[in-house]
Amino acid sequence: MSTSSAEGSGSLSPSPVAPNAPKFGTLIPNRIFVGGIAANTTESELHQLFAAYGNVKATKIILDRAGVSKGYGFVTFETEEEARKIQKEADIILKDKKLNIAPAIKKQPFARVYDFSCAVLSKKALHLLEKGHHFSEGLKLGLKLTCRGLS
């Protein structure tokens with residue numbers, strides 16, 4: 001079972017007191033963060049476990065580019081009350097691992113600042129930047145940025 005993206009209607013505010021949570025972001029209503037998930041856990045198993053605590057609308061385990069679990073995911077409940085109630089549970093264990101439950105917070109995007117003062121860009125990289133793309137997108141496409149030794 002999967003879920004829609006982590007975006008939703010939330011409020012921009014300091015995050016609730018959750019260790020390791022970002023200081024600012026958008027709280028996603030009805031959704032919780034679940035950390036410490038065993039690598040071989042399926043979304044169906046996650047759904048089954050949390051269904052005992054409320055009406056689960058969706059589950060999502062985050063995978064890396066190779067399709068390997070990153071060890072965390074999200075569970076979306078029918079109501080915000082169900083999501084808050086589960087965060088008060090002391091020990092939730094799945095596959096002999098204690099899960100870390102916290103509010104789901106969408107991190108705020110940050111803009112990277114690049115110093116192009118000594119850069120020599122290819123025409124294709126320059127074209128992408130002029131179109132409003134981030135330089136990191138050019139790197140993904142294998143475009144080169146070189147710095148010539150300026151003193």
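Are Phe50 and Phe77 buried or exposed? Both are buried, where buried means under 20% relative accessible area, exposed over 50% and partly exposed in between, with a 1.4 Å probe and protein chains only.

This is a predicted model: local features need pLDDT of at least 70, side-chain atom pairs pLDDT 80 or more, while totals for chains, interfaces and linings use all residues. Residues are numbered from 1 along each chain as its sequence is written, and side-chain values use heavy atoms, without hydrogens and water.

**Aromatic pairs**

The whole structure holds five aromatic pairs. Rings of Phe, Tyr and Trp (its six-membered ring) pair if their centres lie within 6.5 Å; planes under 30 degrees apart are stacked, over 60 edge-to-face, the rest tilted. Two of the pairs involve Phe50.

| Pair | Centre to centre | Angle between planes | Type |
|---|---|---|---|
| Phe50 and Tyr53 | 6.2 Å | 50° | tilted |
| Phe50 and Phe77 | 6.4 Å | 75° | edge-to-face |

Phe50 has a relative accessible area of 0%. Tyr53 is partly exposed, at 22%. Phe50 lies in helix α1 (residues 43–50) and Phe77 in strand β4 (residues 69–77), 27 residues apart. Helices (H or I, at least four residues) and strands (E, at least two) are DSSP runs, numbered from the N terminus.

**The core**

The largest nonpolar core has 16 residues. Such a core joins buried Ala, Val, Leu, Ile, Met, Phe, Trp, Tyr and Cys residues through side-chain atoms within 4.5 Å. Ile32, Val34, Phe50 and Leu99 touch the most other members. Helix α1 gives the most to this core, three residues.
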